[in-house]
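Please keep the sequence and the structure at hand while reading.

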Amino acid sequence: MTTVVTDNCQRCRYTDCVTVCPVACFHGDDEMLYIDPAVCIDCGACIPTCPVEAIYEDPIPEEKRRWIAINAERAPRLPVISKKQEPYPGAEERKKQLGFE
Ligand code: SF4
Ligand code: SF4
């Protein structure tokens, strides 16, 4: 099993996802979050919390599969994000652009 964060997460920072993760496996840079596959237990708890449907579990659609390697490579190099943060300015606008109310 694999659970990954994908491009819809860019410039969001709603971070609803991190508050439900039982193993604190979300990491982040200034752009978005990534899941460390070595720590994630694939419980799926984070998936329904994401307001822009950025998190995918198996079967990951073909067009999102490149994010498997990106999450694995980026997450271990970045700080853990385990507390909810303020959304980025423009996050609401971006959410609308992505087609979510
Ligand atoms: S809630 Fe979704 S878009 Fe926001 S930080 Fe978490 S994964 Fe990224
Ligand atoms: S699937 Fe579970 S363990 Fe993995 S990132 Fe989401 S909440 Fe955390």
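**Overall form**

A compact globule of 101 residues would have a radius of gyration near 13 Å, and the protein chain, with 12 Å, agrees with that expectation. The model is a predicted one. Along its principal axes, the C-alpha atoms of the protein chain occupy a box of roughly 35 × 30 × 20 Å.

- The protein chain contains four strands and two helices, and their order from the N terminus on is β-β-β-β-α-α.
- Among the contacts in the protein chain that have a separation of 6 or more, 79% are made by residues 24 or more positions apart.
- As for burial, 30% of the 101 residues of the protein chain count as buried.

**Surroundings of the two ligands**

- Ligand 1 is surrounded by 15 residues, of which Cys9, Cys12, Tyr14, Cys17 and Cys50 are the closest; by class, this shell divides into 11 nonpolar, two polar and two charged residues.
- Ligand 2 has 14 residues around it, and those that come nearest are Cys21, Cys40, Cys43, Ala45 and Cys46; the shell here is made up of 11 nonpolar residues, two polar residues and one charged residue.

**The nonpolar core**

- The largest nonpolar core comprises 22 residues, and Val5, Cys17, Cys21, Phe26, Leu33, Ile35 and Ile55 are those with the most contacts inside it.
- At least two residues of this core are supplied by each of strand E1 (3-5), strand E3 (33-35) and strand E4 (55-57), and E3 gives the largest share, which is three residues.

- Phe26 belongs to strand E2, which covers residues 26-28, and it counts as buried because 26 C-beta neighbours lie inside 10 Å.
- When residues up to four places away in sequence are not counted, Phe26 touches Cys17, Val18, Cys21, Leu33, Ile35, Val80, Ile81 and Ser82.
- Glu63 lies 37 residues from Phe26 along the chain, and the C-alpha atoms of these two residues are separated by 22 Å.

**Backbone details in the loops**

- Asp58 and Pro59 are joined by a cis peptide bond with an omega of about 0 degrees, and Pro59 is placed in the loop between E4 and helix H1 (66-74).
- Thr15, although not a glycine, has a positive phi of about 55 degrees; Thr15 sits in the loop between E1 and E2 and counts as buried, because it has 20 C-beta neighbours inside 10 Å and the cut-off for a buried residue is 20 or more.
- Asp42, likewise a residue other than glycine, has a positive phi near 55 degrees and is found in the loop between E3 and E4; with 12 other C-beta atoms within 10 Å, Asp42 is exposed, because that term applies at 12 or fewer.

Notes
Residues numbered from 1 in each chain as written. Chains lettered and ligands numbered in written order. Predicted model: local features only at pLDDT ≥ 70, side-chain atom pairs only at ≥ 80, totals over all residues. Near = placed C-beta within 6 Å. Nonpolar A, V, L, I, M, F, W, Y, C, P; charged D, E, K, R; others polar. Rg over C-alpha atoms; globule rule 2.2 N^0.38 Å. Contact = placed C-beta atoms within 7 Å. Core = buried A, V, L, I, M, F, W, Y, C linked by C-beta atoms within 7 Å.
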